[in-house]
Amino acid sequence: MAGTTRMFNALLVMEEGRRTDAYPAPVLDDIARLVNLRTPALTRDGLHRDPRVLADVDVLLTGWGAPVLGAELLAHAPELKAVMVAAGSVRHLTTPEFWARGVPIVSAAAANAVPVAEFSLAQILLGLKQTHRLSRQVTAYRRFPHDPPLAGAYGSRVGLLGLGEIGRLVAEHLRGFGVEVLAHDPVIDPADARALGVRLVGIEELFAVSDVVSVHAPLLPETEGLVGERLMSLLPEGATLVNTARGAVLNEPEVIGVLWERPDLTAVLDVTWPEPPEPDSALYALPNVLLTPHLAGAMGRERARLGELVRDELRRLVRGEPLRHAVEPSRAATRA
């Protein structure tokens, strides 16, 4: 920093297992050139054992395994100017006491949205070809169906349940595939939806007319168990449900019941509740369920995007520029 202004002190606190993925060496090197990066990095437990290390920390860098920013911890951090999280949601680590401090908190949700949207797009396109359904039939009957009845992508309808960060990115990806994109989101500005080329509809219509429904709703009291028997029963013949949001947005017992009754449907579930499913869960037995182990989000090298976003925001902070990914307190509770 220019002049006599001192360099910010920063401390990295997160779980060890994913630390080098989220903050690879080149990113940490860049960060160390921007601030006085304290070493060694700590875990949440290590910080709680000696919170006095926060006494002169200006920027708390974190990610998975972040410490909860409660009153006791904050009392040890009088100089704290920003918290930057190389992960998506900040709901689990923020408290009323934190928001009362007025300290900005950065989320890397925009970076984590990229692989989730890519995974969703891949499953949507496979669903429009009814790939999983036809593969089941080929395996069961040991023959290829002649000219199977399916619409394909062009002119088909894709329904997005939720137009948050990930839903919007999926909508943008779908622009190049000749599909009609519908969405249900009670809080989206209709003008924003139109700008995305998305038609807003009621939730019943979304399920009744979409060849694929992709779930991107946050888990809130009003969305818990939202997708159940009523909505699943509305899905057209051969439709696919994709869930990369939160498992509890689905009423799992009711969804399982419909999937047993309608083998024409396919459910691609990257998230469940509980997660993983109980060993005796019917989800393991249903042939029309594709279970993936919560892998849509950033994995492996993809996690470097999260640290890169934090690094770029840190650069803006030390330059006195506006932050681009600070979470507004009014929106924090509605983010996944």
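This is a predicted model: local features need pLDDT of at least 70, side-chain atom pairs count only at pLDDT 80 or more; totals for chains, interfaces and linings use all residues.
Visitor: How many residues are in the largest nonpolar core?
Guide: The largest nonpolar core has 50 residues. Such a core is a set of buried Ala, Val, Leu, Ile, Met, Phe, Trp, Tyr and Cys residues joined through side-chain atoms within 4.5 Å. Buried means under 20% relative accessible area, exposed over 50%, and partly exposed in between, with a 1.4 Å probe and protein chains only.

Visitor: Which residues have the most contacts inside it?
Guide: Those are Tyr23, Leu61, Leu69, Val83, Met84 and Ile105.

Visitor: And which element gives the most to this core?
Guide: Helix α13 does, with six residues. Among the elements that each supply at least two residues are β1 (9-13), α2 (25-34) and α13 (304-319). Helices (H or I, at least four residues) and strands (E, at least two) are DSSP runs, numbered from the N terminus.

Visitor: Changing topic, how many aromatic pairs are there?
Guide: A search of the whole structure finds one aromatic pair. The ring centres of phenylalanine 98 and tryptophan 99 are 5.4 Å apart and the planes stand at 70 degrees, so this pair is edge-to-face. Rings of Phe, Tyr and Trp (its six-membered ring) pair if their centres lie within 6.5 Å; planes under 30 degrees apart count as stacked, over 60 as edge-to-face and the rest as tilted.

Visitor: Is phenylalanine 98 buried or exposed?
Guide: Phenylalanine 98 counts as buried because its relative accessibility is 0%. Tryptophan 99, at 23%, counts as partly exposed.

Visitor: Now the backbone: which peptide bond near residue 40 is cis?
Guide: The bond from threonine 39 to proline 40 is cis, with omega near 0 degrees. Proline 40 lies in the loop between β2 (36-37) and α3 (44-49). Another cis peptide bond joins glutamate 275 and proline 276, where omega is about -5 degrees.

Visitor: What is the phi of aspartate 147?
Guide: Aspartate 147 has a positive phi of about 45 degrees, although it is not a glycine. Aspartate 147 sits in the loop between α7 (131-141) and β6 (157-161), and its relative accessibility of 64% counts as exposed.

How values were computed
Residues are numbered from 1 along each chain as its sequence is written. Side-chain values use heavy atoms; hydrogens and water are left out.
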